[in-house]
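Hi,

Here is the model I promised to pass on. Have a look at it first, and my notes follow below.

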Amino acid sequence: MSIAQFFALSSRGDAILSKDFRGDVAADSTETFIRKVKFWATGDAPPAFHVDGVNYLYVKKNGLYFVATTRFNVSPSTILELLKRICCVFKDFCGELSEETLRKNFVLCYELLDETLDFGFAQDTNILSLKAFVHEEVVRTPKISIVSKPGLIYVGTAPPTTTENVIFCDVLEHLNVTLSPSGKMLNAFIEGEIQVDSYLKGNPELRVALNEDLVIGASNHRPLGNTCDQVVLDDCNFHECVQLDEFDRDRVLTFTPPDGEFTVMNYRLTGDFRSPFKIFPFVEETSPTKIEMVIMVWADMPDTNYGTNVILRFPVPQSTIAVSCELGNNGTSQLAEFRKSENEVRWAIKRFDSTDEFTLRTKITLKESNLHARREIGPISMNFEIPMYNASTLQVRYLRIPEHARHPNYVYKRWLRYHADEASRRLVDPVPPPRLFRGINVGDFFNETSYTAFCALAFEPSDILALTPAKCGTTYLHKILYLLTRLNDKGLAAETDTSVIAQGQFYPEWMHDKTGHPPFPDHTLDEVLYQPSPRIFSSHMRADMVPAIAGRVVCMLRNPKDAYVSLHFMRNKLSGDVVPWLSTPTTTGSYQGYLPGKALNMMYGDFFGYVRHLQAYADAHVGRVLVLYYEEMLQAFDTQLTKLAAFLELPLTAAKRAAITRQASFQSMQAENAHSRRAFLFRKGTTGDWKSYVGVDTPHGPSPTAEQWAAFDEELATLRDLPLAQPLYQWMH
């Protein structure tokens, strides 16, 4: 029983250890794994799951992921047990299981992997046996961690001098946050420490009391992150001088401080916590060589706090020749500039009060047109400091010398300070940039080389091109065409079909000449282009992009209101963020993105423009284009099937008709694809679904009002002279 890869990842997704034994799994499997785990559709990801032909199995220990991949059908329990034993081996040799320990002892860890796994096969995980073969010295992780103290605000009228009988206690926190463009927290953790600097005469014993409801070990108590009721830390460690006799019961630390400044306690917290700042970017390509980016930042912290030394940075495209920066309100306390040597824009804000909101508008000029320029913008990074603030809500209840350890007349001063700063804050992908080809947004999956090869293909009279806008019955139409062309007069398949189109529709312009590329990583362009005759090609491309095909073109249209609702729910299912119906101050809603005027937000443009181009294509190819309507297919399937068979000049017996009716039903197709990657395509299979979302509250926010839905009717009215648009009116009300 063999595994292909082993890797250990931090909670951020960074690879700590990685070893490839067989070379039969893609090198980016770590990214695939962490993306799936972070955005699992329902709750936490299971310990074993399957993605694109690869089995992923993992265990999570101390916030770290220990993962094995394989293409074989292995026993999950065996592999999971192996991973647990490897974790035990690492812990026994290194002393503890943490990211810092593994990084410092990576040579030892790789030596242990070589002994426990051979070409992916498990060998020996017995500690005593391994000690006879592993001789690398372990690098111990020190319990004490002293860092330079940043400038802090003292509580009181003036800070005391070190000649006084005084003690300082600082709670320092470093925030690491990754946000989505909509502001959702994708990954976040806090690394904190409690520092003590004592100038007490006689060096007496000290007691520090923390939150009474403090919990250590988030996985054993509740979801990650803190609430007002409880403070939950993932893990912590203490200075060697700290006595923990009262910690488990009362959360009190007792110690005799050494000379100078030292760290009493280090702690770590992951999960959702209140981020003190929100960042929202907007990017628009105003011309082939000009890009405009707007960044809005506002504070989300208590009124008594404020940020200082706030700096935001983001890289710009390599071909940038000039950047102009326009500051919004209160521009006197800000400075924005383009640093050519670093190829980035730097925006500094001197002071950021809790009620402030700042805006930066940058206009980027490129040397030449670049289709990928928008991809080179970002991510946005942010650094700041916030005195007297801690995001974890960890509090020091008291700091004092116990009565038995001091004279009744002993006088001393205590200074407690909190400080938060951003060690690393990133905003990934400012916006999903549109991919333009001939001025049309063709989407991220479009492959110009494959599209050119498709256009140059020697088409045959028997070829069929299925053309549909998004969510207008593409899968449904392909299934019907496949059954019409493959079933015999008895309604049976003549032989087992192993061709690519037996599995569903594949878009030629999205394919690649090699496997491993999304969205169809298991198949190649040649499999689609050179499938058995009669060939069926499916696509969402606009009619003005269709090559000169010698065969027939079958199109399917649908009430655009229902198509929009179906697309809205599919986007929410596939996206890691919630896509609202209507735009908010920070997020473009699906409604605004679907209507004309926002064509760049829609792959191949808006629905109504799609119909215009389809009408022009049909007029230019009379007799070779058939347009069907999704609603008519559901209402009168027999009639429409007969029309389609006659158009394609294919026989349609009673047995064949019955077989197609049965196999092309929504229930049958949904069941057939229940466990495939196409399962997300099947939601309801009905008509008039839009009527259920007129001005109602949903998990995606309020749906469009009746007046907003009427905009669809107004847009369709602009097509009243087009014959193809006429049938749509009856389903719009």
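Helices (H or I, at least four residues) and strands (E, at least two) are DSSP runs, numbered from the N terminus. Before I go on, note that this is a predicted model, so local features need pLDDT of at least 70 and side-chain atom pairs count only at pLDDT 80 or more, while totals for chains, interfaces and linings use all residues. Residues are numbered from 1 along each chain as its sequence is written, and side-chain values use heavy atoms, with hydrogens and water left out.

Back to β3. It runs antiparallel to β4, and four bridges join the two; strands count as paired if DSSP finds at least two bridges between them. H50 stands opposite N55 in β4. The two strands form a hairpin with two residues between them, and D52 in that turn has a positive phi of about 50°.

Which sheet do they belong to? An open one of five strands, paired antiparallel in the order β2-β1-β5-β4-β3. The edges are β2 (15–20) and β3 (48–51); each has a single partner strand, so one side of each is left without a neighbour in the sheet. From one strand to the next, the twist averages 20°. Further in, β1 (residues 5–9) and β5 (residues 64–70) pair in the antiparallel sense over five bridges, with F6 having A68 in β5 as its bridge partner.

Two helices to look at here: α2 (residues 76–94) lies across β1, β2, β3, β4 (54–61) and β5, at about 40° to β4. Helix α4 (residues 106–116) lies across β1 and β2, at about 30° to β2. For these, contact means heavy atoms within 4.5 Å, and axes are lines fitted to C-alpha atoms, for helices over the stretch in contact, with angles from 0 to 180 degrees between N-to-C directions.

Then there is Q531, in the loop between α9 (525–529) and β29 (536–539). Buried or exposed? Q531 is buried, with a relative accessible area of 5% (buried is under 20%, exposed over 50%, partly exposed in between, using a 1.4 Å probe and protein chains only). A polar atom of its side chain lies 2.8 Å from the backbone oxygen of V528, and one lies 2.9 Å from the backbone nitrogen of I536. Leaving aside residues up to four places away in sequence, Q531 touches I501, I536 and F537.

On cysteines, the structure holds zero disulfides (a disulfide being a pair of cysteine sulfur atoms within 2.5 Å). C325 counts as partly exposed at 26% relative accessibility, whereas C555 is buried at 1%.

For the overall picture, the protein has 17 helices and 33 strands. Buried residues make up 51% of its 733 residues. Of the contacts with a separation of 6 or more, 70% are between residues 24 or more positions apart.

Finally, confidence: the mean pLDDT (the predictor's confidence in each residue, from 0 to 100) is 82, and 88% of residues reach 70 or more. Over residues 142–162 it is below 50, and that stretch has 48 contacts in the model beyond near neighbours in sequence. Residues 428–432 also stay under 50, with 18 contacts beyond four places in sequence.

Cheers

Key. A polar contact is a pair of N or O atoms within 3.5 Å; within protein, one must be able to donate a hydrogen and the other to accept it, and residues adjacent in sequence count only if both atoms are side-chain atoms.
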